[in-house]
Amino acid sequence: LAAGTRQGSGQLQNAYFDGTPMVVTAAMRDTGLFGDHVTLASTGGFSQMGVVEDITKRRWEVWDARGIPTVTRRAFKEATTFPTGPVYVAYTGQALDAANVEGLIQAADAPHMGLAPEPGVIRSIFDALVNADKPLLVCGQEIAAAGAQAEIMTLAERLSLPVATGVFDFGSFPAHHPNYVGGVEAVSEEVYDVVCCVGYRQNARGIPADLRFERAGTIIGIGHDPAQLGNTFPLDIAVWGNIRHTLQALNALWTEGQGRHRHLERRGAAIRAAGAQRLRAQQDEALGHASEQPIHPDYLAHIAGRALPEGTLVVSENFRSSDHLMPFGFDKGQWRLIRTFGGSLGHGIGAAIGAQLGAPDRPVVCSIGDGAVMYSASGFWTMARYGLPILTIVWNNVNYQTVRVNFAAWGGEMAKQNKFPETYLGDPEIDFVMLAKSQGIDGMHVREPGALEAALTRGAQAIAAGEPYLLDVRIASVGAAADSTWYQRFKLRG
């Protein structure tokens, strides 16, 4: 009903931000014919549709039961049509309670988006990338939505393009690939003669720094949503269409002669050398924390990448931990990453359950921060009830670390005093193993770095045997004000 719609609006915000093709249904009570102050409903004079107006692609309410098949089919068609997004349908009590009404909900196939832009546009993009002295390829979440992972890898490797990803877009291009250079925020102030953004939906913050690539020469945008193309920074070439089709057209212009182009050879050699150096430094950095206690998050990511099985699918609800350092890739046997980009906490456990149901033959890991667990811990019961083999790794630093780091970056009195309200989660500390056990899931605490690999192996064995399992791993706080454990102490007295 309306109350449940509001309760789920945080995750609907994520779905809208990501363009998730999803249909959300709800019941709707009458708020005018009889009472206008109705339990779990909107207040009289207001609409249940209004609750989701700005976080859904489309929305309908159904009053006549005979319209249910048409609207339901239309909702699925709309949700899966590019640009994809969540669609909301409310069925009124009158429609749901109607008797002796039959109907067939037909399959809803999304219309095919146009194949590719005109050849001249494709040629212009291709030539710009080939002839650039300092190009940058920016990869975003729509690459996965289009199933264009192979095409983006081919383009990056053939044209020797350095690759950046958007905020939290680590699954858009493998971070362990030699061409990867980091997050777009870290590199966007450099001077590039050509920047090509593919499927990049900017995670803006509503500040002047959102104006990216102000020192770039030519900026190209390729994406599914025309509203996302040129909405923050201007584009010299904008291509609205199916990303996979556009990338296929670009790759079709490749010839073996291009591969012998000295300019590309030199560029590729430099990128590979820098990438290899970056990966060595990354590994050395992780191993340098091997004896630290609490366990350093980089070391946890390194050991997880070594101990967990091939083809692991990680559902992440970590904003400032290190799971992006795990060995994600696009090949069949490599790891895959699923996460949301909207920033609203609470999706991780539910998304891991959905991922396991959608990919039952792959090992599934829920990688989640300790604060995020508290938004959706009841999902452990669901895992236990249905025997879903999911390994939950709780990165437990006893902190809402993202909030604390943001407070510290803001400065002011909080930063001066090193006191950050409601970010420290100790005293009392939450025992996540006991929390899981109370709902039917076994698990263990991990406090020593030397015990980490054995614990991860035990978790992998549990899910291989078809059982959910949880590891509560105590990790170090990192980033600004990592030493702060202050919280406001008070007790109410009679």
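Trainee: Which element gives the largest share of the lining of the second largest pocket?

Mentor: Helix α16, with six residues. Helices (H or I, at least four residues) and strands (E, at least two) are DSSP runs, numbered from the N terminus. Before we go on: this is a predicted model, where local features need pLDDT of at least 70 and side-chain atom pairs count only at pLDDT 80 or more, while totals for chains, interfaces and linings use all residues. Residues are numbered from 1 along each chain as its sequence is written, and side-chain values use heavy atoms, with hydrogens and water left out.

Trainee: OK. How much space lies in that second largest pocket?

Mentor: About 1,000 Å³. Its lining has 39 residues, and the closest to the centre are Val 167, Phe 168, Glu 185, Phe 319 and Arg 320. Two or more lining residues come from each of β6 (180–183), α8 (184–187), α11 and α16 (401–410). By class, the lining divides into 17 nonpolar, 16 polar and six charged residues.

Trainee: What counts as a pocket, and what as a cavity?

Mentor: Both are found on a 1 Å grid over the protein atoms alone. A cavity is a set of points where a 1.4 Å probe fits but cannot get out; a pocket is an open set with protein on both sides within 12 Å along at least five of seven lines. Lining residues have an atom within 4 Å of a point. Points are joined across faces, edges and corners, and a volume is the space filled by probe spheres set on the points. Ala, Val, Leu, Ile, Met, Phe, Trp, Tyr, Cys and Pro count as nonpolar, Asp, Glu, Lys and Arg as charged, and the others, Gly among them, as polar.

Trainee: And the largest pocket, how much space is there?

Mentor: About 1,200 Å³. Of its 48 lining residues, Asp 18, Thr 20, Ile 338, Arg 339 and Thr 340 are the closest to the centre. Helix α2 gives the most, six residues. The lining comes to 23 nonpolar, 19 polar and six charged residues.

Trainee: Switching to cavities. How many of 30 Å³ or more are there?

Mentor: Three in the whole structure.

Trainee: What lines the second largest cavity?

Mentor: Asp 370, Asn 396, Val 398, Leu 425, Glu 429, Ile 430, Phe 432 and Arg 474. The space there is about 50 Å³. Four of the lining residues are nonpolar, one is polar and three are charged.

Trainee: New topic. How many salt bridges does the model have?

Mentor: The count is 14. The rule is a side-chain nitrogen of Lys or Arg within 4 Å of a carboxyl oxygen of Asp or Glu.

Trainee: Where does Glu 453 pair up?

Mentor: With Arg 306, at 2.9 Å from N to O. Glu 453 is in helix α19 (residues 452–464) and Arg 306 in helix α12 (residues 297–307), so the bridge links parts of the chain 147 residues apart.

Trainee: Is α12 mostly covered or mostly open?

Mentor: Mostly covered, with eight of its eleven residues buried. Buried means under 20% relative accessible area, exposed over 50%, partly exposed in between (1.4 Å probe, protein chains only). The buried ones include Tyr 299, Leu 300 and Ile 303. Among the elements that cover them are α11 (262–287), β13 (390–396), α19 and β15.

Trainee: Which residue does Arg 447 bridge to?

Mentor: Asp 472, with the closest N and O atoms 3.7 Å apart. Arg 447 sits in the loop between β14 (442–446) and α19, and Asp 472 in strand β15 (residues 469–474). Asp 472 is buried at 0% relative accessibility, whereas Arg 447 is partly exposed at 29%.

Trainee: Last one. What does Thr 80 touch?

Mentor: Pro 21, Ala 108 and Ala 110, leaving out residues up to four places away in sequence; contact means heavy atoms within 4.5 Å. Thr 80 lies in helix α3 and is partly exposed, at 34% relative accessibility. Its side chain reaches the backbone oxygen of Phe 76 at 2.8 Å and that of Lys 77 at 3.3 Å.

Technical notes: Polar contact = N/O pair within 3.5 Å; in protein donor to acceptor, adjacent residues only side chain to side chain.
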